[in-house]
Amino acid sequence: MTKLRSMLNNVIIYQPYQSPASNGPDTTLSFLKMPNPHFTRTCLPSLYDEREDGSREPMRALNDVAGYSAVFLPGEAPTFIIKSASCPPQLINTREKPVQSLTSLHTKKCEKGVAYIDHQGSIKFAQLPAECQYHTGWVTRKIAFGEDIHALDHHEPTATHIIGVSRMVDFKLPEDETHPEWATETTSFLPQVEQGTVKLLDHGTWSIIDE
């Protein structure tokens, strides 16, 4: 893959391929422009995108970041270009911004991670969450609920997700003074009915905090 950055700070990706030569049996190296729906968050270069000599901060190739091949774009709108064997390159924006510089890091405490310099000049270490997936262009994570999910919404002020779920539960006849014979029911083969619940999922810890 060949990756270029335009003057408007957009990334253009080209895929190389062999095409037949116009004369003879040989082939020539050609490039096919890949579709990229991702647009930069900053159209013009900023202070963090340029060096002291006025040149642009170069993109940095990273061999192994959480098992992915990656290219990092530093600057005001830092972005990872992530590639795996089963998917085309995907552009993922970072939460930390801006980032002056970044490099890969592999230590006992930070395996297959990165070290970067933020806008204040501080050195920080980070890892891509291993439980997340990046091959769709979105950062996704699977959580086992064990229940059927019917509705989902996000409440931004509290950083929570509201989830409507349901499950099958055993149905027992309620206590009723007008039907005292219901209380003597001894069958173990009970019918099942669907029971709905509304749950609150904390976005930071990915755990249920109320239902």
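This briefing describes strands, salt bridges, cysteines and a surface patch in one protein structure. The model is predicted. The structure holds zero disulfides.

- Strands of a sheet pair through backbone hydrogen bonds, and the pairing may be parallel or antiparallel.
- Six bridges join S8 to strand S9 (residues 113-118) in the antiparallel sense.
- Thr103 stands opposite Ala115, a residue of S9.

- Strand S2 (residues 11-20) and strand S3 (residues 27-33) run antiparallel and are joined by seven bridges.
- Pro16 stands opposite Phe31, which belongs to S3.
- S2 and S3 form a hairpin with six residues between them.
- In the turn of this hairpin, Gly24 has a positive phi of about 90°.

**Salt bridges**

- Asp64 forms a salt bridge with Lys112, and their closest N and O atoms are 3.8 Å apart.
- This pair links distant parts of the chain: Asp64 is in strand S4 (residues 60-65) and Lys112 is in the loop between S8 and S9, 48 residues apart.
- Asp64 has a relative accessible area of 32% and is therefore partly exposed; Lys112, at 36%, also counts as partly exposed.
- A salt bridge also joins Arg141 and Glu131, with the closest N and O atoms 3.7 Å apart.
- Arg141 lies in strand S12 (residues 140-141) and Glu131 in the loop between S10 and strand S11 (132-133), so the pair ties together parts that are 10 residues apart in sequence.
- Arg141 is partly exposed at 34% relative accessibility, and Glu131 is partly exposed with a relative accessible area of 43%.
- Glu147 and Arg167 form a salt bridge in which the closest N and O atoms are 3.6 Å apart.
- This pair also links distant parts of the chain, 20 residues apart: Glu147 is in the loop between S12 and strand S13 (148-155), and Arg167 is in strand S14 (residues 160-170).
- Glu147 is buried, with a relative accessible area of 14%, whereas Arg167 counts as partly exposed at 44%.
- Glu147 and Arg167 also belong to a network of salt bridges that includes Lys199.

**Cysteines**

- A disulfide is a covalent bond between the sulfur atoms of two cysteines.
- Zero disulfides are found in this structure.
- Cys110 has a relative accessible area of 6%, which is under 20%, so this residue is buried.
- Cys132 counts as buried at 14% relative accessibility.

**A nonpolar surface patch**

- Ile117, Ile123 and Phe125 make a nonpolar surface patch of about 310 Å².

How values were computed:
Residues are numbered from 1 along each chain as its sequence is written. This is a predicted model: local features need pLDDT of at least 70, side-chain atom pairs count only at pLDDT 80 or more; totals for chains, interfaces and linings use all residues. Side-chain values use heavy atoms; hydrogens and water are left out. Two strands pair if DSSP finds at least two bridges between them. Helices (H or I, at least four residues) and strands (E, at least two) are DSSP runs, numbered from the N terminus. A disulfide is a pair of cysteine sulfur atoms within 2.5 Å. Buried means under 20% relative accessible area, exposed over 50%, partly exposed in between (1.4 Å probe, protein chains only). Patches are made of residues with over 30% relative accessible area and no salt bridge: like charges are joined within 9 Å, nonpolar side chains (Val, Leu, Ile, Met, Phe, Trp, Tyr) within 5 Å. Accessible areas come from the Shrake-Rupley method with a 1.4 Å probe; for residues, only the protein chains shown count as cover. A salt bridge is a side-chain nitrogen of Lys or Arg within 4 Å of a carboxyl oxygen of Asp or Glu.
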